[in-house]
Amino acid sequence: MSLKTPVVILNFKTYLESSGKKALDLAKALESAGEESGIAMVAVPQAIDVYRIKNKTNIPVLAQHIDAISAGGHTGSNLFESFLASGVDGTLLNHSECRMTLADIAEIVKKTKEAELISCVCTNNIETSMAAATLAPDYVAVEPPELIGTGIPVSQAEPEVVEGSVSKVKAINKDVKVLCGAGISTGDDMAAAIELGAEGVLLASGIIKAESPKDALLDLVSKI
Ligand SMILES: O=C(CO)COP(=O)(O)O
């Protein structure tokens, strides 16, 4: 499955502002900002909120993480087949707050391809972006962990990481799209990301903590 680019992927993480009933409110803000702007907007809620959002909105929904396990005795784990049954459209993998081994990433990327779901592998630098690209996910999202949650945008603070990831990933597999994230919140941040060759952004706190997430989303895409 592929999404129109540029894409905005909002990671709900575990903020109270993006959990439970508020997760649905935020997903509706994404839906309405997406409709108004014509830009694809994707929700990445906690596992427990996936089904609720899929039922009440028309936006694509990704899981935050899926475990490389098979069905059976794995208490507390996130099973691929359960997400599939909940109507999920794909998954993030290897977020810096939930790192995975390369072998486990490969296993879930393979399962997403078989089920025609979206895969987005998060990375922390150019080298890991290259490693992720060899697995041919739909997206590689490069996010320097030290900038996450700081409000200092990767596209302005570390443009060479974005540009380098784009050129190296495309050299390995031109079909893999590169996103960037960490500290992104404004229209200028997203415009700078696109200018560097990214095909979208992965972001969280700048939108989730905004007084009006919908207005913040419209501002985010106002300069592209
Ligand atoms: O980790 C991120 C998205 O997955 C980025 O988080 P912030 O947008 O809060 O910096």
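1. Asn94 sits in the loop between strand 4 (90–93) and helix 4 (102–114); helices (H or I, at least four residues) and strands (E, at least two) are DSSP runs, numbered from the N terminus. Asn94 is not a glycine, yet its phi is positive, about 60°. Is Asn94 buried or exposed? Asn94 is buried, because 23 other C-beta atoms lie within 10 Å. The cut-offs: buried needs 20 or more other C-beta atoms within 10 Å of the residue's own, exposed means 12 or fewer, and partly exposed is in between, with C-beta atoms placed from the backbone.

2. A quick word on provenance. This is a predicted model, where local features need pLDDT of at least 70 and side-chain atom pairs count only at pLDDT 80 or more, while totals for chains, interfaces and linings use all residues. Residue numbers run from 1 along each chain as its sequence is written.

3. Ala182 is another one for the backbone check: its phi is near 110°, a positive value in a residue other than glycine. You'll find Ala182 in the loop between strand 7 (177–181) and helix 8 (187–195). Ala182 counts as buried because it has 28 C-beta neighbours inside 10 Å.

4. Thr5 and Pro6 are joined by a cis peptide bond, with omega about 0°, and Pro6 lies in the segment before strand 1. Lys4 is also in the segment before strand 1 (7–11). Lys4 counts as exposed, because it has 10 C-beta neighbours inside 10 Å.

5. Val7 belongs to strand 1. With 23 C-beta neighbours inside 10 Å, Val7 counts as buried. Which residues does Val7 touch, not counting those up to four places away in sequence? They are Ala40, Val42, Glu199 and Gly200, where contact means C-beta atoms, placed from the backbone, within 7 Å. Val7 and Leu179 are 172 residues apart along the chain, and their C-alpha atoms are separated by 8.4 Å.

6. Helix 1 (residues 21–37) packs on helix 2 (residues 47–56) at about 40°, axes 10 Å apart. Axes here are lines fitted to C-alpha atoms, for helices over the stretch in contact, and angles run from 0 to 180 degrees between N-to-C directions. The two helices are therefore oblique to each other; under 35 degrees counts as roughly parallel, over 145 as roughly antiparallel, 65 to 115 as roughly perpendicular and the rest as oblique. Ala23, Leu24 and Ala27 of helix 1 meet Asp49, Arg52, Ile53 and Lys56 of helix 2.

7. Helix 5 (residues 126–133) and helix 7 (residues 159–172) have axes that come within 9 Å and cross at roughly 25°, so these helices are roughly parallel to each other. On the helix 5 side the contact uses Ile126, Ser129, Met130 and Ala133; helix 7 brings Val161, Gly164, Ser165, Lys168, Val169 and Ile172.

8. Last, the ligand. Its surroundings comprise 14 residues, the closest being Asn11, Gly149, Leu203, Ala204 and Ser205; a residue is near a molecule if its C-beta atom, placed from the backbone, lies within 6 Å of it. Strand 8 (200–203) and helix 9 (205–208) are the elements that give two or more residues to this shell.

Note on methods:
Two residues are in contact if their C-beta atoms, placed from the backbone, lie within 7 Å.
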